[in-house]
Amino acid sequence: MLDQLLIFTRGGLILWELGSALKGSPIDALIRSCLLEERSADAAFHYDAPGAAGGAAYTLKWAFDNDLGLVFVAVYQRIFHLLYVDDLLAAVRREFSRIHDPSRTSYDDFNETFRQLQKEAEARAEEMRKSKQAARVPTVPKKQTNGSGKQRNSGSGGNTSGSGKDESDGDPGKGRWLANGSSNGQGDDSKDNSRAPSGFLKGKENGAPEVGAFDVNKLQKLRSKGGKKTDTGGVGSKATKAEPKKNVKKNRVWDDSPSESRLDFTNPVDERGEEPLKVVEADRGESMMDKEEIVSSESESEEDVDVENGKPCTKKKGWFSSMFQSIAGNAVLEKSDLKPALKALKDRLMTKNVAEEIAEKLCESVAASLEGKKLGSFTRVSSTVQTAMEEALLRILTPKRSIDILRDVHVAKEQGRPYVVVFVGVNGVGKSTNLAKVAYWLLQHEVNVMLAACDTFRSGAVEQLRTHARRLQIPIFEKGYEKDPAIVAKEAIQEAKSNNSDVVLVDTAGRMQDNEPLMRALSKLINLNSPDLVLFVGEALVGNDAVDQLTKFNQKLADLSTISNARLIDGILLTKFDTIDDKVVGAALSMVYVSGAPVMFVGCGQSYTDLKKLNVKSIVKTLLK
Amino acid sequence: MEQLIHRVEEWVHQQPIEQIYVAFAVLLFTISFFGLLHVLRRSKSNTILLAGLSGSGKTVLFYQLRDGSPHLGTVTSMEPNDGTFVLHSELEKKGKLNPVHLIDVPGHSRLRPKLDEFLPHSAGVIFVVDSLDFLPNCQAAAEYLYDMLTKAIIVKRKIPILILCNKADKVTAHSKEFIRKQLEKEVDKLRTSRSAISTADIANDFTLGIPGEGFAFCQCRNKVTVAESSGLTGEVSQVEQFIRELVKP
């Protein structure tokens with residue numbers, strides 16, 4: 001029933017494989033979107049092979065042997081719920097590490113051993129299922145009707161509900177249940193997933209991917225779902241609670257509004273009076289984007305002090321033997337050794353304002369990559385963990401795609417169309433201010449900028465942009481208040497094309513991520529105009545809410561999109577960096593981890609020059625200090 | 001000033017003459033010793049890097065050069081492949097052969113910084129390009145190439161780069177001339193856009209080519225050549241030639 005089982009080195013060479021050819025390239029997708037994104041603690045990975053007909057849906061499970069640098073991956077069809085896969089992977093790992101030899105590249109003799117192991121694992125699974133069925137209370141029907149569809153009927157093969165992620169929730173639950181061997185007699189409620197001790201599975205699932213924290217599977221599914229309307233309750237129990245509230249909430253008054261004249265307080269006389277000001281303000285010197293950042297190399301003594309606190313906890317095996325082992329370098333890292341060091345790291349990350357779920361996932365991923373590894377000589381557990389975590393953080397924060405906007409602007413210019421950037425975000429994060437800063441920076445590089453005032457709701461928004469435009473001496477397209485922002489944006493882009501502007505910066509109204517009609521309006525704007533860059537503006541002050549904001553924004557943009565490949569958030573602009581103490585920079589990490597989008601700009605003040613690039617190394621250093 | 005020189009001269013004349021000779025000889029010896037070490041260390045490096053975008057065939061090439069076959073196949077690398085060996089095709093040759101230190105650096109963008117770790121010790125870089133799936137990745141490849149060509153280490157030490165058009169055995173693969181021209185065009189475009197932010201871009205230390213003219217690889221201070229190969233079928237003769245030029249047997 002397994003489609004394929006693969007053993008390969010971390011360097012990429014396949015050592016052993018068994019099975020038929022797979023459609024698409026699930027292994028590469030697994031590596032790129034899961035293992036390299038520090039999500040190796042997830043239970044499973046889902047892959048939908050792209051294809052006109054017969055695009056298969058696979059589930060992938062994996063195990064590591066960190067000492068030898070090997071990865072074991074099992075691929076099977078999603079509709080099967082194979083219960084013995086984790087068991088099998090562990091057995092395969094044990095057997096293979098015995099016969100592994102760095103110089104050997106073919107292991108045909110392993111076929112026999114594998115068949116044996118597979119038979120054993122299947123037999124074990126059969127036994128478990130039979131004993132469970134005998135002892136079990138018949139399942140309660142109410143489980144079927146839960147809106148989020150997480151539950152599975154234990155007797156039947158499994159619900160094939162619309163979204164594949166529900167299946168994964170049931171499957172690991174089952175696996176965990178089996179491993180414990182005890183029959184709770186309660187079935188596999190999603191609540192049980194969190195209560196049942198998770199001794200077996202790698203990493204605590206605890207329903208974590210369902211509740212708010214980002215799951216890369218979802219990001220992929222978001223992109224491919226298109227116009228399909230899935231129940232938004234699938235995101236998490238939080239959302240299901242919010243749903244009934246949404247129906248009760250009164251719709252915002254958009255159309256029957258006070259007339260425009262009441263909102264428009266600008267005095268036509270004033271415009272001329274502002275002229276002398278514009279000359280003064282336009283040239284404020286070089287934007288900080290263009291200045292090199294001087295990174296101070298801090299001494300390592302602070303790190304050692306913190307590390308000392310972690311050390312006393314690891315003295316379970318007896319002081320002398322552990323000391324000796326650390327010198328001889330033969331200690332194999334166990335999970336129990338890693339736990340205290342990881343806990344200390346997690347707490348440290350949380351004091352730096354990283355969202356709790358993110359810190360948890362990161363620590364688990366680092367644990368997964370270190371377990372079973374031999375400690376080098378003269379190294380302590382905490383320092384190994386520290387280096388691994390540093391590498392992981394560097395990897396996450398390094399942008400996956402180029403953040404060189406100027407180059408994309410040039411490309412768009414050659415194609416004869418304006419480069420459109422849309423600024424989205426919740427209320428009060430600083431979209432309009434930072435939009436002006438970006439315009440200033442672009443102007444310094446001889447790019448023609450045009451502003452589009454699509455914030456037609458908040459009083460004074462259009463005036464604010466008008467003032468900026470006057471100070472920077474750039475054109476602005478506005479239609480006043482109470483107009484449909486999507487139409488305004490469309491007309492602005494047409495105007496830009498006719499007056500040869502290279503870039504159009506579109507300002508939108510701030511909206512909360514739970515506000516359904518406003519998110520719909522935003523999605524309409526993005527679909528209608530297909531901008532080149534969707535920039536999410538987020539505050540550096542925000543804590544755990546950043547995770548929620550970004551997830552919901554991405555979710556809504558995907559759900560309400562009309563095209564098959566939905567536009568999601570492409571970049572992040574981090575604002576109000578100057579208000580936070582240098583020690584609480586964790587919001588950047590949470591946002592990047594959740595959305596996969598790089599931080600393109602950092603706003604650090606309220607004047608035009610206060611815009612800079614994110615210095616990855618210094619952030620990592622501050623996070624781990 | 002004059003007084004000082006006079007005083008020094010007096011002092012020198014006062015010392016016994018042998019001591020001065022000995023001191024002088026020791027000084028000369030130390031200087032020549034370090035100079036020799038420095039020169040020798042430079043030319044001793046036998047490290048070749050395999051770099052390129054993810055999926056261009058670096059790991060296949062690595063195993064092809066080492067063992068003569070890519071075994072069961074490869075997946076996206078998560079870690080660099082490092083090996084010091086004598087090239088497989090040369091195992092039959094008699095005599096003492098100099099082993100080659102080959103490093104295959106993962107091409108995934110998240111793992112790009114690893115390249116900087118290995119560059120200081122390398123004698124040459126092989127930039128692998130997928131000639132089959134070239135046009136969709138042309139921009140990304142050109143960016144990577146541009147970043148490499150403008151790194152300080154490459155320019156200062158004139159490290160030669162071989163642009164290898166891999167997967168040349170396939171029917172729909174592009175020719176190396178076409179690839180070379182496309183890359184030159186893309187790098188030219190990058191040149192103009194990047195130089196606009198030259199003060200900002202900390203990563204790019206040097207500007208390429210001659211301003212005003214279209215960019216061509218022959219304008220680079222280090223040697224840049226283009227070749228074809230096929231990792232799967234074993235057509236790697238041009239690669240081996242390049243390696244042998246750099247790592248003298």
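In chain B of this predicted model, six strands form an open sheet in the order E2-E3-E1-E4-E5-E6, with mixed pairing. Strands here (E, at least two residues) and helices (H or I, at least four) are DSSP runs numbered from the N terminus, and two strands pair if DSSP finds at least two bridges between them. Strand E2 (81-85) and strand E6 (224-228) of chain B are the edge strands, each pairing on one side only. Direction ignored, neighbouring strands of this sheet are turned by 20 degrees against each other on average.

Residues are numbered from 1 along each chain as its sequence is written, and chains are lettered from A and ligands numbered from 1 in the order in which they are written. Local features of the model need pLDDT of at least 70 and side-chain atom pairs count only at pLDDT 80 or more, whereas totals for chains, interfaces and linings use all residues; side-chain values use heavy atoms, with hydrogens and water left out.

Within the sheet of chain B, strand E4 (residues 122-130) runs parallel to strand E5 (residues 161-166), and six bridges join the two. One of these pairs B:Asp130 with B:Asn166 of E5(B). Helix H3 (residues 58-67) of chain B packs on the sheet, where it touches strand E1 (47-52), E2, strand E3 (100-104), E4 and E5, and its direction makes about 20 degrees with that of E2(B). Helix H5 (residues 134-149) of chain B lies across E1, E4, E5 and E6, at about 165 degrees to E4(B). Axes are lines fitted to C-alpha atoms, for helices over the stretch in contact, and angles run from 0 to 180 degrees between N-to-C directions.

In chain A, strand E12 (residues 599-603) is mostly covered, since five of its five residues are buried (under 20% relative accessible area, with exposed over 50% and partly exposed in between, for a 1.4 Å probe and protein chains only). Strand E11 (residues 571-575) of chain A runs parallel to E12(A) and is joined to it by three bridges; A:Leu573 has A:Phe601 as its bridge partner in E12(A). Strand E13 (residues 611-612) of chain A runs antiparallel to E12(A), with two bridges between them, and there A:Lys612 is the bridge partner of A:Val602.

Helix H21 (residues 545-559) and helix H22 (residues 586-595) of chain A pack at an angle of about 30 degrees, with their axes 9 Å apart. H21(A) is therefore roughly parallel to H22(A), a description that covers angles under 35 degrees, while those over 145 count as roughly antiparallel, 65 to 115 as roughly perpendicular and the rest as oblique. Among the residues making the contact are A:Leu550 of H21(A) and A:Met591 of H22(A), contact meaning heavy atoms within 4.5 Å.

A:Leu435 is found in helix H17 (residues 431-444) of chain A and counts as buried because its relative accessibility is 0%. Leaving aside neighbours within four places in sequence, A:Leu435 is in contact with residues including A:Phe423, A:Leu451 and A:Leu505.

Confidence is expressed as pLDDT, the predictor's confidence in each residue, from 0 to 100. Chain A averages a pLDDT of 70, and 64% of the residues score at least 70. Over residues 140-215 of chain A, pLDDT stays under 50. Where pLDDT is low, the predicted coordinates should not be read in detail.
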